[in-house]
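Good morning, colleagues. Please look at the sequence and the structure on the screen while I take you through a few of the details.

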Amino acid sequence: MAPPCVLLLLCATQLRVSNLRAKGLPQDVLGITDGYVKVFYRSELLGQTEVRKNEANPWWREDFVYVYANPNNPVRLEVHDKDLIWDDLVGTCHAVVQPGTHQDQCELEQGGVLFYEYTLG
């Protein structure tokens, strides 16, 4: 039998979302997408990437971490196009996190594909 956790921090299961990239993001009236991604765990915003200007196939270097994550909870990634007044939602990806490292992709509603990786462990 495994010993009980002495410190809660030692028992924490960490979620890391990384390796975000998109392919074939659509153009809008202003030109090629200025894309960025917002990352959510359950309903909590973990953060957002930098904006990649005029890039239909962007790659974002940021990692997003949630320390006390649990399996079977949702992660949501929203791809946005940065504009002067209102940003456009290009599409949303949903996943239910499971232990281990997973690479996934999803089709975005307005066009293009988002690729991402997450590790729960």
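Predicted model: local features only at pLDDT ≥ 70, side-chain atom pairs only at ≥ 80, totals over all residues.

Where does Val 67 lie? Val 67 is found in the loop between strand E7, residues 64–66, and strand E8. With a relative accessible area of 33%, Val 67 is partly exposed. Together with Val 65 and Tyr 68, Val 67 makes a nonpolar surface patch of about 230 Å².

Let me turn to the protein as a whole. The protein has 1 helix and 11 strands. The C-alpha trace spans about 60 × 25 × 20 Å along its principal axes. Of the 121 residues in the protein, 39% are buried. The accessible surface amounts to about 7,300 Å², and carbon and sulfur atoms hold 54% of that surface. As for contacts with a separation of 6 or more, 55% of them are between residues 24 or more positions apart.

Next, the cysteines. How many disulfides does the count give? The count comes to 1 disulfide. Cys 93 and Cys 106 form this link, and their sulfur atoms are 1.6 Å apart. The angle about the S-S bond is -55°, and the link of Cys 93 and Cys 106 is left-handed. Is Cys 106 buried or exposed? Cys 106 has a relative accessibility of 15%, so it counts as buried, the cut-off being under 20%. Cys 93 is buried as well, with a relative accessible area of 1%.

My last topic is Asp 87. This residue sits in the loop between strand E8, residues 74–81, and strand E9. Asp 87 is partly exposed, at 28% relative accessible area. Which residues does Asp 87 touch, leaving aside those up to four places away in sequence? They are Tyr 36, Asp 81 and Lys 82. With Tyr 36, the side chain of Asp 87 makes a polar contact, side chain to side chain, at 2.6 Å. The side chain of Asp 87 also reaches the backbone nitrogen of Asp 83, at 3.0 Å. Ser 43, by contrast, is 44 residues from Asp 87 in sequence and 20 Å from Asp 87 in space, C-alpha to C-alpha.

Thank you for your attention.

Key
Residues numbered from 1 in each chain as written. Heavy atoms only, no water. Disulfide = S-S within 2.5 Å. Buried < 20%, exposed > 50% of the residue type's maximum accessible area, 1.4 Å probe, protein only. Helix = DSSP H or I, 4+ residues; strand = E, 2+ residues; numbered from the N terminus. Contact = heavy atoms within 4.5 Å. Polar contact = N/O pair within 3.5 Å; in protein donor to acceptor, adjacent residues only side chain to side chain. Patch = residues over 30% accessible without salt bridge, like charges linked within 9 Å, V, L, I, M, F, W, Y side chains within 5 Å. Areas by Shrake-Rupley, 256 points an atom, 1.4 Å probe, with all protein chains shown as cover. Salt bridge = Lys/Arg side-chain N within 4 Å of Asp/Glu carboxyl O.
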